[in-house]
Amino acid sequence: MKGYGMIHVYTGTGKGKTTAALGLALRAVGHGARVVMICLMKGDDTYGEARAAHCLPGFTLKQMGRDSFVDFRHPDPVDVQMAQAAWEEGKRILLAREADLLILDEMNLAMSRGLVDTQEVLSFLQAHRNGTELVFTGREAPQELIGLADLVTDMEEVKHYYEKGVPIRDGIDH
């Protein structure tokens with residue numbers, strides 16, 4: 001698509017990083033863009049975005065993580081393998097120009113915690129920025145990625161209903 005090729009980073013402690021990326025995806029497909037979203041750590045098919053993906057023409061969601069939480073202090077080798085496989089799929093999509101917008105959901109956290117090598121990602125992006133709009137979501141975006149990005153949004157949590165004991169709600173939080 002004309003004018004595409006920027007790098008977006010949605011990071012921070014607040015809620016809404018993936019939601020912002022999905023909003024951008026909705027806008028993009030409304031203009032005829034091909035959108036691929038790779039979920040690095042959300043393999044559970046009960047997530048709302050996984051259930052709704054088939055309803056949006058031009059939008060493809062690829063869940064490439066386990067359906068359980070990752071222990072970042074001692075990641076299981078399978079979590080490292082899955083995160084690296086997700087990044088390899090992202091590279092393949094970029095090189096093949098299969099998407100106008102590529103969302104790498106939770107990639108920031110995967111890089112900051114060493115599941116995916118940040119320097120390898122940056123080197124690849126510097127060599128292969130090819131007109132695909134890229135979105136990286138997740139907490140703890142590496143400073144090097146922030147430096148390379150064209151747009152950075154830091155979602156800061158000010159107040160959250162979890163503090164009142166409100167559990168995760170389908171359709172709002174999941």
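Glu140 is partly exposed, with a relative accessible area of 37%, where partly exposed is the range between buried, under 20% relative accessible area, and exposed, over 50%, computed with a 1.4 Å probe on protein chains only. The structure is a predicted model, in which local features need pLDDT of at least 70 and side-chain atom pairs count only at pLDDT 80 or more, while totals for chains, interfaces and linings use all residues. Residues are numbered from 1 along each chain as its sequence is written, and side-chain values use heavy atoms, with hydrogens and water left out.

**Positive phi angles**

- Glu140 is found in the loop between strand E5 and helix H6 (143-148), and its phi is near 60°, a positive value in a residue other than glycine; helices (H or I, at least four residues) and strands (E, at least two) are DSSP runs, numbered from the N terminus.
- Arg97, in the loop between H3 and strand E4 (101-105), also has a positive phi, near 55°, and is a residue other than glycine.
- With a relative accessible area of 48%, Arg97 counts as partly exposed.
- As background, most residues other than glycine have a negative phi.

**Cavities**

- On a 1 Å grid over the protein atoms alone, a cavity is a set of points where a 1.4 Å probe fits but cannot get out, and lining residues have an atom within 4 Å of a point.
- Grid points are joined across faces, edges and corners, and a volume is the space filled by probe spheres set on the points.
- The largest cavity is lined by Leu40, Met41, Gly65, Arg66, Val70, Asp79, Met82, Ala83 and Leu115, a lining that has 6 nonpolar, 1 polar and 2 charged residues.
- In these classes Ala, Val, Leu, Ile, Met, Phe, Trp, Tyr, Cys and Pro count as nonpolar, Asp, Glu, Lys and Arg as charged, and the others, Gly among them, as polar.
- Around the second largest cavity the lining consists of Leu94, Phe124, Leu125, His128, Arg129, Asn130, Thr132 and Leu134, which divide into 4 nonpolar, 3 polar and 1 charged.

**The largest pocket**

- A pocket is an open set of grid points with protein on both sides within 12 Å along at least five of seven lines, and the largest pocket holds about 1100 Å³ of space.
- Of the 35 residues that line the largest pocket, Thr18, Lys42, Tyr47, Glu106 and Asp173 are the closest to its centre.
- Helix H1 (17-30) and helix H2 (48-52) each supply at least two residues of this lining, and the largest share, 4 residues, comes from H1.
- By class, the lining of the largest pocket has 10 nonpolar, 13 polar and 12 charged residues.

**Cysteines**

- A search of the whole structure finds 0 disulfides, a disulfide being a pair of cysteine sulfur atoms within 2.5 Å.
- Cys39 is in no disulfide, and the nearest cysteine sulfur, that of Cys55, is 16 Å away.
- Seen from Cys55, the closest cysteine sulfur is the one in Cys39, and the 16 Å between them is too far for a bond.
- Cys39 is buried, with a relative accessible area of 1%, whereas Cys55 counts as exposed at 56% relative accessibility.

- Glu133 lies in strand E5 (residues 133-137) and counts as buried at 11% relative accessibility.
- The side chain of Glu133 reaches the backbone nitrogen of Gly5 at 2.8 Å.
- Leaving aside neighbours within four places in sequence, Glu133 is in contact (heavy atoms within 4.5 Å) with residues including Gly3, Tyr4, Gly5, Met6 and His8, as well as Asp100, Leu101 and Leu102.
- Pro75, placed in the loop between strand E3 (59-63) and helix H3 (77-96), is partly exposed, with a relative accessible area of 28%.
- Pro75 and Leu115 are 40 residues apart in sequence and 8.1 Å apart in space, C-alpha to C-alpha; beyond its neighbours within four places in sequence, Pro75 is in contact with Val80 and Leu115.
- Lys159, in the segment after strand E6 (151-154), is exposed, with a relative accessible area of 66%.
- Lys159 and Lys15 are 144 residues apart in sequence and 9.9 Å apart in space, C-alpha to C-alpha.

Note on methods. A polar contact is a pair of N or O atoms within 3.5 Å; within protein, one must be able to donate a hydrogen and the other to accept it, and residues adjacent in sequence count only if both atoms are side-chain atoms.
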